[in-house]
Amino acid sequence: MSAPGGGSTPPPDQDLGDQGDHEYVEAGDEDDMYAPVFLGDEHGEVVADLDEEDDAPMSDSDDDEVDPATHPGVAEDMEDRDAAMGDEIVPPQDDSVAVIRSHGAPVFSCAWSPTSASTFATGGGDDVAMLHVVSELAGASEEGAGGAPTQKVTVTSTELKGHGDTVSSLNFNHDGSLLASGGLDGKACVWNVADGKCLQTLEGPGGGLEWTKWHPKGNVLLAGSEDFTAWMWNAGDGQLMQVFAGHSASVSCGGFAPDGKSIATGSFDGSCRVWAPRTGECTTLFMGHPYHDGPVTCLDFHPTSEGLMITGSEDNTARLISSVSKKVLGALVAHTETLECVGMSGDFPFAASGGIDTKLVVWDLNTLQPRNTLPHDKAVSALRWIPGTAMLYSSCIDGVVRLWDTRSSSCQAAQCGHVRGVLDFAPSPDYKTIVTASDDHTARVFRMVP
């Protein structure tokens, strides 16, 4: 599909451009690590700088597919991912406080409202998204890990029907009033959280949506597609605002920068592009040496350092890059298989990467060396730093979700219950409870911190 030209709708007024008792250990003045002092620009290498007069390279054909002959790692890696899923698991116990069995297929995505401790959503291979509200059920408890009682909760669910294929992505907007769902049918739907009604059906992409992300301050939705493009809509009126074209393979990851002034997208073509939201121009292209030499699978922004990002790839490495200096700041090399997730701490000079090789590696960004490696039994599917702490959550294909202290390399909590791998998870606003999405057709709610 050819992308529209520059006749986009002007953006609104957003600025686009061991079980037992555990507790969070917050960052303090006497911690062994200090405030982030990241490597200076002199350590990086310029990959590509596209100014306003330059044209971003386009694919030869919008119908092109990733050719295993020219991308030799792609086919092999898909086989590795399938193998990593493994056989059915027999968990020692079910530590969850609630189990959602409403889906008739694997649950691929989940999200928790940023403003409500009781509202979350799930999406699955049954083409359905569901909105859930949890409420306490007094007096009902079951024995959990270590014999400790696990308080059970009730869940009220609302079915959200609007997709014709797998719901691959879910996100709540900044104030929790809207839920966006992205599907492999190429559509994004915007739902009113208050009543579950579909407010907008956003169409245009010629392939399935890999991900959806909201602008951090407004109701503008961004989505990456298998048709090599990313799309941006005004969720208020459903108008298309911009199409970002230039990749030559599926746009596998991306989002708005934390300040909302730029967009970054990663692709199976091995590149990361930084875009100007208002004009749709590609301002920086990371591609070729010294960047990745395989498909880009994941991406994360530093919460406060402008332009600082980390990307992961099927080349088994992560790269630290800056859209400000337009340089690759360093290669993070420790994994032996594809990276599935990356994340950056906003409070310590740490980053983390999780891979199919069962490793979760915590990186010291001042030295670009591993600080520690947190072992898992199978592939690591997702990770999330807890703001204000040196702790993070991880989910794994072994069916377990874990809470880690990255300074001591200790696992503070490990909870199980799924009989197949955990594919995604989302934390509650206070980060003490998480919801998981699993290949076993269920979602589960776990209280990780009392």
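Me: Which lysine does glutamate 159 form a salt bridge with?
Reply: Glutamate 159 pairs with lysine 161, and their closest N and O atoms are 3.3 Å apart. A salt bridge here is a side-chain nitrogen of Lys or Arg within 4 Å of a carboxyl oxygen of Asp or Glu. This is a predicted model, where local features need pLDDT of at least 70, side-chain atom pairs count only at pLDDT 80 or more, and totals for chains, interfaces and linings use all residues. Residues are numbered from 1 along each chain as its sequence is written, and side-chain values use heavy atoms, leaving out hydrogens and water.

Me: Is lysine 161 buried or exposed?
Reply: Lysine 161 is exposed, at 61% relative accessible area, while glutamate 159 is partly exposed at 42%. The cut-offs are under 20% for buried, over 50% for exposed and partly exposed in between (1.4 Å probe, protein chains only).

Me: How many salt bridges turn up in the whole structure?
Reply: The search finds 6. One of them joins aspartate 398 to arginine 402, with 2.7 Å between the closest N and O atoms.

Me: Are those two buried or exposed?
Reply: Arginine 402 counts as buried at 8% relative accessibility, and aspartate 398 is buried at 8% too.

Me: What else does arginine 402 meet in a salt bridge?
Reply: Aspartate 377, at 3.9 Å from N to O. Aspartate 377 counts as exposed, with 61% relative accessibility.

Me: New topic: what does leucine 332 touch?
Reply: Not counting residues up to four places away in sequence, leucine 332 touches Ile310, Thr317, Ala318, Trp363 and Leu368. Contact means heavy atoms within 4.5 Å.
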